Each structure stands twice: as C-alpha cells, then as structure tokens.
Amino acid sequence: MSMIKCPECNEPVSSKAPTCPHCGVRIENNIKRCPVCNSYVLLDATECPNCKTRFLVDSQNGKSAPKDETLQLEPAAEQAELDSEKASTANLQPKKDTPWYLLLLGILIIGIGGYLYWDNYQDKVASEEKAFALLQDCNDPLSFEDFIARFPNSKHIDEVKERLNGLHKEDAAWAELCRNLDVNALHNFIDTHPTSPHVKVALHKIDSLDWRQADELGTTQAYEQYILQHEDGMYISEAYNSRDNARRREEQARRDSIAAKVKADSIAAAAAEIAGATLAPAAE
C-alpha cells in the first residue's frame, strides 16, 4: 500500500482504498500509471491529464491501457515503493523503543562535558587575569613575551604588546646611554622612565660620577655639594672626611698666606728703613 494523489480530486489517498474519501471515485483496481510522467490516472482514461500522453485501448475489455504498462501496479514495484516510504518515515520519526536510561545517560554525559568545558574556561580566565595583574609592577620583557605566548587571544593582548614595545625602546635608550655616560643624560633617562629597572643603576652611576668630579676638584665646596645632592650616596662617609680634610687644608693655606703676607710686609718695611738710613748720611 502506498499513498498516491487521487486522479480525480488530486488529494492524497491510499492506492488500495476502495474509493477516494474526498471525492468518492473508485480507486482499487481502477487506476493506472502514466509511462511518461508516472502520475496516476483512472483506468478508463485515454489521455494523461498531466503530460497529455495518449493511451492504447485494451481490445478485450474496451478500456484504455498505457503503452508498455500493465493495468495495475506491479507487486514488486509497489512493495519497493512501500518499503522506501517506511524507511523514510522511520528516519524522520524518533525511535520509540530507545531505553529511557540511555537517554538519561546521554543527557548526563552532555551535562558533565559542558560543566568540564565551563570549568576549564573559568580556570583559564582566572589564570589570565592573575598573570596580567603580575605584569602591572613588572618591567621584565621576558614576562610580557611569556604572557603573549600563553594568552594570544587575551583581551589585554594589545596593552601587553604596547608595554613590551615600550620596554624594548627603554632598553635601547639605556644601551645608548651606557656608551656615553653623562650626568644630565642619566637624569633625563630617570625622568623619562621612572619605573625602569635601570633607574637604580642610573642613580648609582650619577652618584659615582658626582663623587669623581668632587674628588678631582678636592675643595670644601665640591665635597659639600656632593653631600647635599647625595645624602645616602655610596661615598657619603668618605665625602664628610674629605670635606673636613679639605677645610683644614684650606684653613692652613689661608693662615700660611696671611703669615707669608705679614712676613713680606715686614721685610719690605725693614728694607725701606735700611734704605732710608743709608740715604741720610749721603745727604749730609
């Protein structure tokens, strides 16, 4: 049995139905198939209403028959069509004999899989945020490169790459500075990169350069200037001792200068007195 379209009213009807429930025309043993378009027509039809194919007339019963076709459907073809329809219906409809526990097991597996995926995603997000937080006070380019490698799709990736680029520029500026040390350039580097890991080294270099300059001058004023600029400098104790020694040297030099001036004045006065005494008898 298969569903066909009624040749009279074109409504769906079983090929084995006695009559069409819609229009009442007889169906069983009263239909045939057009050999051209395969549509069903009444047995006494002389022409297919769909493709206009004309049928031959059966000489025994006086009714028309389609050329190269029997009056009724072949059982094998009808059975094949019926099996195909059942298979199609079976594929469209869910199996009713599936055990409930298998459905429950499937739902449970899907739920566990979804939970594990969500839990793994949350752990990854937490790990990413923790790693990004550690970068806030970090100036190590390797740490930024590691973050980019671990979280290439992070929402912070643009910011991290920008900061890494800044660190590379900072390192290049420091390398250039080290090739030609200058106190003013070091101060400018510190002002430009206050959070750089090179700041401590720059301060140390400034301390050393200022101390070297003060020690080369060796004056009380030079040492006092170093002490004023570097209260916690590496050479602060030596600066105090050197300042006191310089002060004593300068004081001694001042006293020596005064004594020398007094001595020179005394000698000049004595010479003038002798010269005056010598000129007096000559005048008499």
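Start by selecting helix H7: its buried residues are Thr220, Ala222, Tyr223, Tyr226 and Ile227. Buried here means under 20% relative accessible area, exposed means over 50%, and partly exposed is in between (1.4 Å probe, protein chains only). Helices (H or I, at least four residues) and strands (E, at least two) are DSSP runs, numbered from the N terminus. The arc is taken from the directions that run from the helix axis to the C-beta atoms. On the face of H7 turned away from the buried side, you'll find the exposed residues Gln221 and Leu228.

A word on what you have open: this is a predicted model, where local features need pLDDT of at least 70 and side-chain atom pairs count only at pLDDT 80 or more, while totals for chains, interfaces and linings use all residues. Residues are numbered from 1 along each chain as its sequence is written, and side-chain values use heavy atoms, with hydrogens and water left out.

**Zoom out**

Show the protein chain as a cartoon and you have 8 helices and 6 strands. Along the sequence they run β-β-β-β-β-β-α-α-α-α-α-α-α-α. The protein chain has 284 residues, and 26% of them count as buried. Of its contacts with a separation of 6 or more, 31% are between residues 24 or more positions apart. Contact means heavy atoms within 4.5 Å.

**Back to the rings**

Rings of Phe, Tyr and Trp (its six-membered ring) pair if their centres lie within 6.5 Å; planes under 30 degrees apart count as stacked, over 60 as edge-to-face and the rest as tilted. By this rule there are 6 aromatic pairs.

One to click on is phenylalanine 132 with phenylalanine 147: the ring centres are 6.2 Å apart and the planes sit at 55°, so this pair is tilted. Phenylalanine 132 lies in helix H2 (residues 100–134) and phenylalanine 147 in helix H3 (residues 141–150), so the pair ties together parts that are 15 residues apart in sequence. Phenylalanine 132 counts as buried at 11% relative accessibility, and phenylalanine 147 is buried at 2%.

The tryptophan 211 and tyrosine 226 pair is edge-to-face, with 5.4 Å from centre to centre and 65° between the planes. Tryptophan 211 lies in helix H6 (residues 199–217) and tyrosine 226 in helix H7 (residues 220–229), so this pair ties together parts that are 15 residues apart in sequence. Both tryptophan 211 and tyrosine 226 are buried.

Which residues of H3 are buried? Select Pro141, Phe144 and Phe147. They cover an arc of only 120° around the axis, which puts them on the same side of H3. Turn to the face away from that buried side for the exposed residues Leu142 and Ala149.

Next, bring up helix H4 (residues 157–179), which packs with H3 at an angle of about 150°, the axes 10 Å apart. Axes are lines fitted to C-alpha atoms, for helices over the stretch in contact, and angles run from 0 to 180 degrees between N-to-C directions. H3 and H4 are therefore roughly antiparallel to each other (angles under 35 degrees count as roughly parallel, over 145 as roughly antiparallel, 65 to 115 as roughly perpendicular and the rest as oblique). For the contact, show side chains including Phe144, Phe147 and Ile148 of H3 and Val160, Leu164 and Leu167 of H4.

**Helix H5**

Move on to helix H5 (residues 183–192), where Leu186, Phe189 and Ile190 are buried. They span an arc of only 100° around the axis, which puts them on the same side of H5. Asn184 and Asp191 are exposed on the face turned away from the buried side. What covers the buried residues of H5 includes H4 and H6.

**Last stop: cysteine 51**

Where is cysteine 51 found? Look in the loop between strand E4 (40–42) and strand E5 (56–57). Cysteine 51 counts as partly exposed, at 28% relative accessibility. Not counting residues up to four places away in sequence, cysteine 51 touches Cys34, Val36 and Cys37.
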